[in-house]
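Q: Please take a close look at one part of this model and describe it in a single connected account, giving the cut-off behind each term as it comes up.
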Amino acid sequence: MMRVTTRSTTRAWTARLACAGVTTLVALGVAAGPALAAEVPPVFIPGHPAAACAPGQQLLSVTASNTPQTFHVAIPGDGSGDVTLTFSNGNKEMAFSIAQPNSIAVRQVTVAGGPNANRYIYDSNTGFPNGIDSDSGLFPPLNPGGQMPGIGRVDLCFVPDNYS
């Protein structure tokens with residue numbers, strides 16, 4: 001028995017192939033986009049906010065670097081620790097990690113790049129009432145052209161690790 005291909009069969013296969021192509025493009029677009037932070041979603045901040053932390057928090061402000069950087073952070077009377085910042089993807093993403101044992105935690109990170117900034121907040125509203133000791137995949141918002149800009153400045157706010 002001979003199989004006959006009709007216009008409707010041809011159209012159905014054309015539609016299926018088009019759908020598969022669109023699905024592939026979407027999957028590639030998601031894979032090529034910026035990685036989300038491991039712990040909390042960013043909050044968009046228009047412009048470049050001034051480097052500042054809430055009272056009782058210790059500020060560390062850093063420019064992006066091609067090599068990992070380690071800083072000693074001391075909160076007067078409340079503890080200290082070493083934090084390592086690693087920039088990747090051509091200085092478009094960053095990660096931080098506090099060495100163990102320590103007595104500090106990160107409460108907030110602001111990543112500025114392009115015309116705006118993203119703020120990552122680690123508090124009781126986001127499930128981290130005592131802050132956090134590491135996160136990765138932090139990035140600035142896309143620029144108006146839809147491209148991921150390089151990181152210009154990162155501001156980290158530290159609290160004692162038992163902060164609530």
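With which side chain does the side chain of Thr 110 make a polar contact?

A: The partner is the side chain of Arg 119, at 2.9 Å, where a polar contact is a pair of N or O atoms within 3.5 Å, one of which, within protein, must be able to donate a hydrogen and the other to accept it, while residues adjacent in sequence count only if both atoms are side-chain atoms. This is a predicted model, in which local features need pLDDT of at least 70, side-chain atom pairs count only at pLDDT 80 or more, and totals for chains, interfaces and linings use all residues. Residues are numbered from 1 along each chain as its sequence is written, and side-chain values use heavy atoms, with hydrogens and water left out.

The mean pLDDT of the chain is 81, with 76% of its residues at 70 or more; pLDDT is the predictor's confidence in each residue, from 0 to 100.

Thr 110 lies in strand E6, strands (E, at least two residues) and helices (H or I, at least four) being DSSP runs numbered from the N terminus. Thr 110 has a relative accessible area of 2% and is therefore buried, a class that means under 20%, against over 50% for exposed and partly exposed in between (1.4 Å probe, protein chains only). Ten of the ten residues of E6 are likewise buried.

Apart from neighbours within four places in sequence, Thr 110 is in contact with Pro 49, Ala 117, Asn 118, Arg 119, Arg 153, Val 154 and Asp 155, contact meaning heavy atoms within 4.5 Å. Val 154 stands 44 residues away from Thr 110 along the chain, yet their C-alpha atoms are separated by 5.6 Å.

E6 and E9 run antiparallel and are joined by eight bridges, one of which links Ile 104 to Pro 160. E6 also pairs in the antiparallel sense with strand E7 (residues 116-121), over six bridges, and there Gly 113 has Asn 116 as its bridge partner. Two residues lie between the strands of this E6 and E7 hairpin, in which Gly 114 takes a positive phi near 65 degrees.

Technical notes
Two strands pair if DSSP finds at least two bridges between them.
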